[in-house]
Amino acid sequence: MPASDAPIRSAAFIGLGVMGEPMCRNLTTKKQSIGLEDVRAFDLRPDPLQRLADAGAVVAASAAEAALDADVVFVSLPGGKEVEAILCGDHGLLSVMKPGTVFVDLSTSPVTLSRELAAKGQAKDIAYVDAPVARTRQAAEQGTLAIMVGGSPELFARIKTLLKCFASDVLHCGDVGCGQMVKILNNMVLFQNVVALSEALTIARHAGMDGDVLFNALTNGSGDSFALRNHGMKALLPGVFPEQAFSTVYAQKDLSYALELAGDIDRTLSGAENVKALFEKTVDAGFGDNYWPAVINVIDRPSD
């Protein structure tokens with residue numbers, strides 16, 4: 001049986017952070033229902049490894065040990081440079097994974113890099129899929145993430161059942177890189193929406209209107225949006241920007257990928273550039289580790 005048609009029996013999951021740990025847990029607890037024999041987990045921190053061991057995962061001593069002989073390898077890492085390092089660095093996974101392995105990047109990475117890594121994988125008979133995730137940690141816990149997948153239709157069909165262990169919406173977006181493209185462009189649009197809401201809320205409050213009234217009124221008009229009902233109502237109005245959430249630094253990274261892609265096609269994005277400048281000010285003001293709608297803290301300042 002060709003490797004590309006062989007059933008997936010063993011999975012590795014590397015990177016057990018805010019999103020990775022609950023994704024790995026859902027995969028582990030549902031493994032029998034999809035024919036997986038084991039899920040091998042690895043992270044640099046011992047605490048999530050212990051929790052996942054309690055859930056039934058096999059703890060690996062290293063990323064290489066986790067990936068060795070696995071049929072599919074999932075990684076959930078901070079960004080593209082970490083994905084490239086774990087795949088192509090000294091003793092990287094490309095030198096460990098067996099031919100026919102499917103490598104699935106659940107991180108948000110640059111489109112061009114994803115395509116470059118896919119080509120490197122292909123040279124060693126490693127199939128590369130970009131599958132960045134969207135929604136919250138709560139969605140990761142509940143198994144209701146959204147995943148945008150870039151890869152061949154055959155690869156998508158092969159891994160979809162595994163992805164559905166931790167996602168309720170799994171969309172095939174096209175060839176390698178297209179999953180990343182949807183994710184970063186979605187975030188670029190969201191960032192600009194939240195900046196607009198921050199500006200509207202700032203104007204209303206300082207001009208004598210209750211912000212709650214404004215936002216509730218907007219839900220009945222053409223200004224209604226997911227950003228308003230979630231980021232607006234739950235973060236901007238109460239001024240709640242916790243750490244251990246999708247931080248300004250992470251948002252800054254995702255936006256940089258969108259601007260990098262725009263540069264690749266020789267286009268200037270004035271709206272995204274404006275958000276970039278606001279993110280830089282937000283980080284400089286000390287809110288880099290806070291939930292990224294904290295950008296309102298620099299918008300709500302008197303003009304120089």
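## Two helices side by side

Helix α4 and helix α5 are roughly parallel to each other, a term for angles under 35 degrees, while over 145 counts as roughly antiparallel, 65 to 115 as roughly perpendicular and the rest as oblique. This is a predicted model, in which local features need pLDDT of at least 70 and side-chain atom pairs count only at pLDDT 80 or more, whereas totals for chains, interfaces and linings use all residues. Residues are numbered from 1 along each chain as its sequence is written, and side-chain values use heavy atoms, with hydrogens and water left out.

Helix α4 covers residues 80-88 and α5 covers residues 111-122; they pack at an angle of about 10°, and their axes are 11 Å apart. Helices here are DSSP runs of H or I with at least four residues, and strands are runs of E with at least two, numbered from the N terminus. Axes are lines fitted to C-alpha atoms, for helices over the stretch in contact, and angles run from 0 to 180 degrees between N-to-C directions.

Which residues of α4 and α5 meet? From α4 come G80, V83, E84, L87 and C88, and from α5 come L113, L117 and K120, where contact means heavy atoms within 4.5 Å. By class, this contact of α4 with α5 has 5 nonpolar, 1 polar and 2 charged residues. Ala, Val, Leu, Ile, Met, Phe, Trp, Tyr, Cys and Pro count as nonpolar, Asp, Glu, Lys and Arg as charged, and the others, Gly among them, as polar.

## Strands and their partners

Now look at strand β8, residues 145-150: 6 of its 6 residues are buried, so β8 is largely enclosed by the rest of the structure. Buried means under 20% relative accessible area, exposed means over 50%, and partly exposed lies in between (1.4 Å probe, protein chains only). L145, I147 and V149 point one way from β8, with A146, M148 and G150 pointing the other way.

Strand β6 (residues 127-130) can be read likewise: A127 and V129 point to one side, Y128 and D130 to the other, and all are buried. Strand β5 (residues 102-105) pairs with β6, and D105 has D130 as its bridge partner in β6. From β5 the chain crosses through α5 to β6, in a right-handed β-α-β crossover. Right-handed means that, with the strands pointing away from the viewer, the path from the first strand over the helix to the second runs clockwise. Another right-handed β-α-β unit is made by β8, helix α7 (residues 153-163) and β9.

The table lists the strand pairings, and two strands pair if DSSP finds at least two bridges between them.

| Strands | Bridges | Direction |
|---|---|---|
| β5 and β6 | 4 bridges | parallel |
| β7 (residues 133-134) and β8 | 2 bridges | antiparallel |
| β8 and β9 (residues 167-174) | 6 bridges | parallel |

Within β8, A146 is the bridge partner of A134, while I147 has V170 as its bridge partner in β9.

## A few single residues

Is N290 buried or exposed? N290 counts as buried, at 15% relative accessibility. N290 sits in the loop between α12 and α13, and its contacts include F241, P242 and E243.

D54, in helix α2 (residues 46-55), is exposed, with a relative accessible area of 62%.

D125 belongs to the loop between α5 and β6 and is partly exposed at 47% relative accessibility. R135 lies in the loop between β7 and α6 and is partly exposed, with a relative accessible area of 47%.

Technical notes: Lists of a residue's contacts leave out its neighbours within four places in sequence.
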